[in-house]
Amino acid sequence: MRRNGRGGAAIVVGGAVAKGAFAAGALAHLTLKLGEEGTPIRAVVGTSSGALNATVVAAGVRAGRPVSAAKELVRLWRDRAGASRILDADLGSAVRFGGISGSQRIVALLNEACARLRRGRVPPQQVALRVVVAPLAGVPTVPTSFEAVERFEARDFDDPARRGRMFQAAVASAAFPFAFKPVALDGLGPCVDGGVVNNTPVKQAIERQPDVTSVYVIVADPADAAIPEAAARDLGGVGLLTRLVDILIHERLVRDLAEARAVNGWLAALDRLVARRQLAPAARAEVIEALYGRDAATFRQIELVEIRPDRPLEGGSFSGFFRPDLRRSYLRAGWDAARSACAMRDRARAGLRRPARGQPSVRRSRP
């Protein structure tokens, strides 16, 4: 149902270990804003710590309470995300460098949070949840790939067995190597942090979601990932390893967003030709299907909105687990970034050109 004429929204939540609190703050503002606009959330996609955030928000959407779900996330990150609350030390695993902690405490937190959301009286809503994991043995159906997508639909939130699989998939996606033990999933074997293979899976946000016309991408890093050349020359050890991980994550996101914007541009050009009667609608469909191998009826322009901090967040990936003040600052930064991104989106929408009198209206690409 298109309550505001723009269709539904999808949210992609990237991972950032303890900086996942940034996404929780961003979601608090975003769910509130979308609710005020009457925009339904049709899909939520998460990777790494973003999978934990995505699972709770999707559960809230299913229960008709996305804003309450985001508030629950803020509370969890602020009050219960300290190292002593989430780490479950495993000496045997630590000795063999398999990970110093299990994930059962995090599963318990997810279970509690989602159970509280199910107590509402709002009719259940439709939503899709996608979680990316990295199977150490590889994807059984694609032996050369290590990116597996766990797919959950609205009804899965109502089934205890499927919810259990959902929570296991979420903590598997958040199992940062060496910090957390790999999490075993039936059919995939031991899995680790999905951010290793795809930290912001934009394509999963629109796959099989024909009503999604806007995608919000939440990333805890600023858009400018460059560092001074002198600093790059001095990298070594843990610093070099961290930088390599940043390169892998940012490069994949940049390419995914560039591809999405390129598709928007192609579609806008084709639509202009159709509007001018220089291209028949049937020919437009043929071009799309030839280029992308997909049904042209499901191919549409997507509004892309990135929610990022304007500067690097303070502290390392794990610092927030030991410093409550950092987690609170991440929450505030996420709220501010979402508010700023939504304001920019509103200005872009308001600035869309109006067609001259007598000319057909053509929808512009809004990257």
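**Reading a predicted model, feature by feature**

Colleague: Is serine 48 buried or exposed?

Modeller: The cut-off for buried is under 20% relative accessible area. Serine 48 has 5% relative accessibility, so it counts as buried.

Colleague: Which value of phi does valine 17 have, and where does valine 17 lie?

Modeller: Valine 17 is not a glycine, yet its phi is positive, at about 55 degrees. Valine 17 sits in the loop between β1 (8-13) and α1. Its relative accessibility is 11%, and therefore valine 17 counts as buried.

Colleague: Now a helix. Where is threonine 55, and in which helix?

Modeller: Threonine 55 lies in helix α2, which covers residues 49-62. Threonine 55 has a relative accessible area of 0%, so it is buried.

Colleague: Which residues is threonine 55 in contact with, leaving aside neighbours within four places in sequence?

Modeller: A contact here means heavy atoms within 4.5 Å. With those neighbours set aside, the partners of threonine 55 are Cys114, Leu129, Val131, Phe157, Met166, Phe167 and Ala170.

Colleague: What are the contacts of arginine 105 beyond four places in sequence?

Modeller: Arginine 105 touches Ser84, Arg85, Ile86, Leu87 and Asp88. For arginine 85, which is 20 residues away along the chain, the C-alpha separation from arginine 105 is 7.4 Å.

Colleague: And which residues does isoleucine 106 contact on that basis?

Modeller: Isoleucine 106 is in contact with Leu52, Ile86, Val171 and Phe180. A separate pair is isoleucine 106 and glutamine 168: they are 62 residues apart in sequence, and their C-alpha atoms are 9.6 Å apart.

Colleague: To the whole chain, then. How many helices and strands are there?

Modeller: The protein has twelve helices and ten strands. Of the contacts with a separation of 6 or more, 74% are between residues 24 or more positions apart. Buried residues are 47% of the 367.

Colleague: Why does the radius of gyration agree with a compact globule?

Modeller: For 367 residues the rule gives a value near 21 Å, and the protein has 21 Å, so the two agree. The C-alpha trace spans about 75 × 55 × 45 Å along its principal axes.

Colleague: Where is confidence lowest and where highest among the helices?

Modeller: Confidence is read as pLDDT, from 0 to 100. Helix α5 (residues 91-95) is lowest at a mean of 68, while helix α1 (residues 20-37) is highest at 97. The protein has a mean pLDDT of 87, and 91% of its residues reach 70 or more. Over residues 353-367 pLDDT stays under 50, and the model has 24 contacts beyond four places in sequence for this stretch.

Terms used. Residues numbered from 1 in each chain as written. Predicted model: local features only at pLDDT ≥ 70, side-chain atom pairs only at ≥ 80, totals over all residues. Heavy atoms only, no water. Helix = DSSP H or I, 4+ residues; strand = E, 2+ residues; numbered from the N terminus. Rg over C-alpha atoms; globule rule 2.2 N^0.38 Å. Buried < 20%, exposed > 50% of the residue type's maximum accessible area, 1.4 Å probe, protein only. pLDDT = per-residue confidence, 0-100.
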